[in-house]
Amino acid sequence: MKRQLILEDGTVLIGEAFGSDRDSVGEVVFNTGMTGYQEILTDPSYCGQIVTLTYPLIGNYGVNRDDFESVEPAVKGFVVREAADFPSNWRNQMSIDEFLKLKNIPGIAGVDTRQLTRIIRKYGTLKGAICGIEQSPEKVIEQLKSSSLPTDQVKQVSTKTSYRSPGRGKRIVLVDYGMKHGILRELNKRGCDVVVVPYHTKAADILALSPDGIMLSNGPGDPKDVEEGNNMIQEILGKIPLFGICLGHQLFALACGADTYKMKFGHRGSNHPVKDLETGKIALTSQNHGYSVREESIEGTRLKVTHTALNDGSIEGLLHKDYAAFTVQYHPEASPGPEDANYLFDRFIEMVEANNRKEHQHA
């Protein structure tokens, strides 16, 4: 069955339908990862987006029970060059087509994903629609131009209630802005007693949980739409050690007086080189973000840039000069991608332990 992908700039791509047969509208983005499509599909940071994969063959190892980054995917659609009908892998439990049908996500295969990627790279991310072949492209383009995308993505994907993932180690409060399960997994691996709280939780309620450390998770959308994060971070800063990832990094920057901006087409993939400015070492990282911290806005704040992207020079890490707090724009938990940056979780735990020792000395 044929299906269309229509972009607001007038581009119409015709391909084969797979997954759910519903129509869908979202921001069209691309990811350059060669593997990890299951983690990409279930990453809450893709809420409201139609994801194009640049690697041509997708679905060849199927979908398994272990590689989910959330229980309910939030992507609006999936665009691939070729979707494998008969996956082969010892962990495979269903095909990508079956999974998309199960989760009511429309897919389109057989389109020229290289052409689509070039359009996005040239013009930036665009609104798009996956729809039936019978729909009039002119009408759909008109609707896309006159409509605006939602700005409440974090509200959509954040947990509605607090919950605990028990451990016997340090008590970490994880603020869920659209958390990937990989972050929780890395904290659990280190024995942490984790309490996951909704995105709008107030500083007083977090402090009442007596945390040893605060983790600000990844998440979708524009950090400036998440006003609840600003006051909370400002009130926590200096009281409890803090580590932020992706959206958490951007919210931290805003709370410290820096600024953020929308990138032309963002960083999405599992092979982005990042330089640690202190050691000079390069890590290959997993990334998924469409916003970044504005470099010139760091001046006049108490922030220090610790990491930069080798591809475009954008800010990839920050450290507070006065308080125990650092953040990164990329995903140290990988899922999918290389685990070069996994050591940052150990650095966070070390920072928490050092802070605890300091408090005991002053007590």
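Modeller: Gladly! Let me start with a definition: helices (H or I, at least four residues) and strands (E, at least two) are DSSP runs, numbered from the N terminus. This is a predicted model, in which local features need pLDDT of at least 70 and side-chain atom pairs count only at pLDDT 80 or more, while totals for chains, interfaces and linings use all residues. Residues are numbered from 1 along each chain as its sequence is written, and side-chain values use heavy atoms, with hydrogens and water left out.

Biologist: How far apart are the end C-alpha atoms of residues 1–131?

Modeller: UniProt, in an unreviewed entry, places the feature "domain: Carbamoyl-phosphate synthase small subunit N-terminal" at this stretch, residues 1–131. UniProt positions are given in the numbering used here, feature names are shortened, and annotations may be inferred rather than shown by experiment. The stretch is 18% helix and 34% strand, and its end C-alpha atoms are 12 Å apart.

Biologist: Why do the residues of the "binding site" annotation gather at one spot?

Modeller: The unreviewed UniProt entry gives this annotation to Ser45, Gly219, Gly221, Leu247, Gln250, Asn288, Gly290 and Tyr291. They span 247 residues in sequence, yet they gather at one spot because no two of their C-alpha atoms are more than 13.4 Å apart.

Biologist: Which of these residues does the lining of the largest cavity include?

Modeller: On a 1 Å grid over the protein atoms alone, a cavity is a set of points where a 1.4 Å probe fits but cannot get out, and lining residues have an atom within 4 Å of a point. Of the annotated residues, the lining of the largest cavity includes Asn288.

Biologist: Is Gly290 buried or exposed?

Modeller: Gly290 is found in strand 16, residues 282–293. Leaving aside neighbours within four places in sequence, Gly290 is in contact (heavy atoms within 4.5 Å) with Tyr261, Lys262, Met263, Gly266 and Arg268. Buried means under 20% relative accessible area, exposed over 50% and partly exposed in between, using a 1.4 Å probe and protein chains only. Gly290 has a relative accessible area of 12%, so Gly290 is buried.

Biologist: Which residues does Gly221 touch, not counting residues up to four places away in sequence?

Modeller: Gly221 is found in the loop between strand 13 (213–216) and helix 8 (228–236). At 25% relative accessibility, Gly221 counts as partly exposed. With those sequence neighbours set aside, Gly221 touches Gln153, Leu247 and Tyr291.

Biologist: How many salt bridges are there?

Modeller: A salt bridge is a side-chain nitrogen of Lys or Arg within 4 Å of a carboxyl oxygen of Asp or Glu. By this rule, the count comes to 18.

Biologist: How many residues apart are Arg185 and Glu69?

Modeller: Their side chains meet in a salt bridge, at 3.2 Å from N to O. Arg185 is partly exposed at 37% relative accessibility, and Glu69 is buried at 1%. The pair links distant parts of the chain: Arg185 is in helix 6 (residues 181–189) and Glu69 in the loop between strand 5 (57–58) and strand 6 (77–79), placing them 116 residues apart.

Biologist: Which salt-bridge partner does Glu72 have?

Modeller: Glu72 is exposed, at 52% relative accessibility. The side chain of Glu72 meets its partner at 3.2 Å, N to O, and that partner is Lys103.

Notes. 1 Å grid on protein atoms, 1.4 Å probe; cavity = no way out; pocket = protein on both sides within 12 Å on 5 of 7 lines; lining within 4 Å.
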